[in-house]
Amino acid sequence: MKAGIHPENYRVVAFKDMSNEEVFLTKSTAETNETIEVDGVEYPLVKLEISRTSHPYYTGKSKLVDTAGRIDKFKNKYAKFKK
């Protein structure tokens, strides 16, 4: 393998799904300024709008969490093409 091409800051990071408050830990190089305490240990925190615990494909539920009004924005943008 080539030397010097791999990231140096590979560490355990907490990812938090903001739609259902689920937190899971995995290794990542994602940059973050926030931290969270999980089981008494502090980890860097990355906030997600949707993850495997809330996505309809994985959960089998058709509930869609729209936190930023993206669905309405999309419908308004493409309403002129509707027949």
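Begin by selecting Phe 15 and Phe 24 in this predicted model, and note that both Phe 15 and Phe 24 are buried. Keep the two side chains on display and look at their rings: the ring centres of Phe 15 and Phe 24 lie 5.7 Å apart and the ring planes meet at 15°, which is under the 30 degrees used as the limit for stacking, so this pair counts as stacked. When the whole structure is searched, two aromatic pairs are found, and the pair of Phe 15 and Phe 24 is one of them.

Next, select Ala 14 and show what surrounds it. Once the neighbours within four places in sequence are set aside, Ala 14 is in contact with residues that include Val 23, Phe 24 and Leu 25, as well as Ile 36, Tyr 43 and Leu 45.

In soluble globular proteins, nonpolar side chains tend to be buried together.

Finally, clear the selection and colour the whole protein by secondary structure, where you will find two helices and four strands, arranged along the sequence in the pattern β-β-β-β-α-α. Buried residues make up 18% of the 83 residues in the protein. If you switch to a surface view, the protein exposes about 7100 Å², of which carbon and sulfur atoms supply 51%.

Definitions and conventions
Residues numbered from 1 in each chain as written. Predicted model: local features only at pLDDT ≥ 70, side-chain atom pairs only at ≥ 80, totals over all residues. Heavy atoms only, no water. Contact = heavy atoms within 4.5 Å. Phe/Tyr/Trp six-rings, centres within 6.5 Å; stacked < 30°, edge-to-face > 60°. Buried < 20%, exposed > 50% of the residue type's maximum accessible area, 1.4 Å probe, protein only. Areas by Shrake-Rupley, 256 points an atom, 1.4 Å probe, with all protein chains shown as cover.
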